[in-house]
Structure formats: C-alpha cells, structure tokens
Amino acid sequence: MNAPLRSPLRFDVNGLVQAIMRNGTRDAFTPALKPMQWEVLGSYLQPFGLTRAQKLIDQGSVDRTLYMVESGSLTVHLEDEKGRVRLAVVSAGSAVGEGAFFTGLPRNATVQAADACKIWSLTPLRFTELSNRNPAIALEIAMALGSLISRRLINKPKRVAVT
C-alpha cells in the first residue's frame, strides 16, 4: 500500500504541535485539535523564520495576522515618547497578534524576536477559508485564542501585551 501524497501546500506542523504540548505556562496557546485536524490547519498556515532582533509586529500597524511560535521567543514592547518598555516575553507554544486578529484595530505594541524563531502565520483571509471549509477547526482556534486573551488580561503585565 502506498503512503498518501501530501499536498505541497501543507506544511509539517509537528514542531508547532510539540511546542504547544511542551508549553505548560499560563501563556500557552492550547487548541484541542486531533492530529488530522492539525494537518488540515497546516495547509492554512505559512511558516517562516525570524532572526534575533527582527521585528514581527510594529506598534500602530494595521494588520490582522495571527502568529504562532514554534521555536524561539519574542519580546513585546510598548513604544512611547520616553522610549521602549518591555511588557512580555512570548515563548514557543504561544501566539501573538490575537488582539488585532479579532478587532482589526492597529497593533498596540511592537513584537520582535529575542532569538532566532520559527513562526507560523494565519491571515484573516486564510482563517475565513478555514471557517468555511472546516468550521470545527476554526471554532477551536477561535476558542483557544479567546482563552489566551482572557488569561493575558488577568495578568496585569501582559494585559497591554495583547497585540
């Protein structure tokens, strides 16, 4: 029996799944997806790398993309007239960009790589496609993001770090 062919548009999300499973912190992004659902989700995600100090999100930018961290860590800064204040560190197995993903408002903080990172992005357009074709997976992603936002809002230092 031949193994099924994988679509070239589907990416191996096993590293992301492992990072989520290893992240035991209150800041973990924890969608309850089955392995086959992760594979489907992978076809809607785009992986890319960041080098140390490379910006992922600029404060004030208007972009609704959601980012999930497979490896490395990100720092979240508030930039004001007095300079930069670090608000949070986001580690592997978590997500950033959740605030603007839902609201469409400008980003309220800058996010950059603290070290080399592997990131997975989900654009609003791809999320809409996912919602239309696989509503159960999209609902689980939305619920996991809602849970992440709620946990961040309880934690005062991370409250403003909802990007």
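The model is predicted, so local features need pLDDT of at least 70, side-chain atom pairs count only at pLDDT 80 or more, and totals for chains, interfaces and linings use all residues. Residues are numbered from 1 along each chain as its sequence is written, and side-chain values use heavy atoms, with hydrogens and water left out.

**Stop 1: the other side of α5**

Now select I137, A138, I141, A144, L145, L148, I149, R151 and R152. These are the buried residues of α5 (buried means under 20% relative accessible area). Look down the axis of α5: the buried residues fall within an arc of 165 degrees, so they line one face of the helix. That arc is taken from the directions from the helix axis to the C-beta atoms. An α-helix has 3.6 residues a turn, so residues three or four places apart point the same way.

Next, show all of α5, residues 135-154. At 1.5 Å a residue, its 20 residues should span 28 Å, and the end C-alpha atoms are 29 Å apart, which agrees. The expected span is 1.5 Å times one less than the number of residues. Helices here are DSSP runs of H or I with at least four residues, and strands are runs of E with at least two, numbered from the N terminus.

**Stop 2: helix α2**

Select residues 35-42. Here W38, V40, L41 and G42 are buried. The buried residues of α2 pack against α1, α4 (124-133) and α5 (contact means heavy atoms within 4.5 Å).

**Stop 3: the four-stranded sheet**

Colour β1, β8, β3 and β6. In that order they form an open, antiparallel sheet. Two strands pair if DSSP finds at least two bridges between them. The edges are β1 (46-50) and β6 (95-96), each pairing on one side only. Between β3 (residues 66-71) and β6 there are two bridges. Pick Y67: its bridge partner in β6 is V96.

**Stop 4: the hairpin**

Select β4 (residues 73-80) and β5 (residues 83-91). Eight bridges pair them in the antiparallel sense. Two residues lie between them in this hairpin. T75 has V89 as its bridge partner in β5.

Finish on β7 (residues 110-113). Four bridges join β7 to β4, running antiparallel. H77 stands opposite T110 in β7.

Note on methods
Buried means under 20% relative accessible area, exposed over 50%, partly exposed in between (1.4 Å probe, protein chains only).
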